[in-house]
Amino acid sequence: MLCSPRRDLTKLRQDLMACFRETNPSRQFHCALFLGLVRLHLVVKEVERTRDLKERRTLIHEFTQGQKTIQKAIGLLQQSAGTAQAGEAGRRALP
């Protein structure tokens with residue numbers, strides 16, 4: 001399986017921006033996710049720069065862990081927004 005961190009990062013960034021448009025995370029959580037994305041950009045830059053295979057594997061592992069963390073956070077934000085919208089819809093239906 002070929003790994004393309006740059007392509008994965010672009011997809012993750014698009015997903016995160018879409019999530020920010022759809023949900024309203026707290027300011028601190030928003031900043032943490034954004035800084036995590038910036039950190040992943042730096043890791044990808046290091047992956048592309050390094051020639052040492054051991055260091056590259058370590059950096060790719062670090063990228064993968066950060067990517068999974070941000071994807072879980074996006075999922076939780078979307079889930080909480082979905083339950084909040086469902087709760088509001090349920091309250092509106094009641095007289």
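The following questions and answers concern a predicted model of a protein.

Reader: Which kinds of secondary structure elements does the protein have, and in what order do they run?

Author: The protein has three helices and zero strands. Read from the N terminus on, the order of its elements is α-α-α.

Reader: Is Leu42 buried, partly exposed or exposed?

Author: Leu42 is found in helix H2, which covers residues 27–49. Its relative accessibility is 45%. Buried means under 20% and exposed means over 50%, with partly exposed in between. Leu42 therefore counts as partly exposed.

Reader: What is the accessible area of the nonpolar patch that includes Leu42?

Author: Leu42 forms this patch on the surface with Phe34 and Val38. Together, the three residues have an accessible area of about 250 Å².

Reader: How many disulfides does a search of the whole structure find?

Author: A disulfide is a covalent bond between the sulfur atoms of two cysteines. Among the cysteines, Cys19 is buried, with a relative accessible area of 0%, whereas Cys31 is partly exposed at 39%. For a disulfide, the sulfur atoms of a pair must lie within 2.5 Å. The number found in the whole structure is zero.

Reader: What share of the residues of the protein count as buried?

Author: A residue counts as buried when its relative accessible area is under 20%. The protein has 95 residues, and the share that count as buried is 25%.

Reader: What share of the accessible surface belongs to carbon and sulfur atoms?

Author: The accessible surface of the protein comes to about 7100 Å². Of this surface, the share that belongs to carbon and sulfur atoms is 57%.

Terms used. Residues are numbered from 1 along each chain as its sequence is written. This is a predicted model: local features need pLDDT of at least 70, side-chain atom pairs count only at pLDDT 80 or more; totals for chains, interfaces and linings use all residues. Side-chain values use heavy atoms; hydrogens and water are left out. Patches are made of residues with over 30% relative accessible area and no salt bridge: like charges are joined within 9 Å, nonpolar side chains (Val, Leu, Ile, Met, Phe, Trp, Tyr) within 5 Å. Accessible areas come from the Shrake-Rupley method with a 1.4 Å probe; for residues, only the protein chains shown count as cover. A salt bridge is a side-chain nitrogen of Lys or Arg within 4 Å of a carboxyl oxygen of Asp or Glu. Helices (H or I, at least four residues) and strands (E, at least two) are DSSP runs, numbered from the N terminus. Buried means under 20% relative accessible area, exposed over 50%, partly exposed in between (1.4 Å probe, protein chains only).
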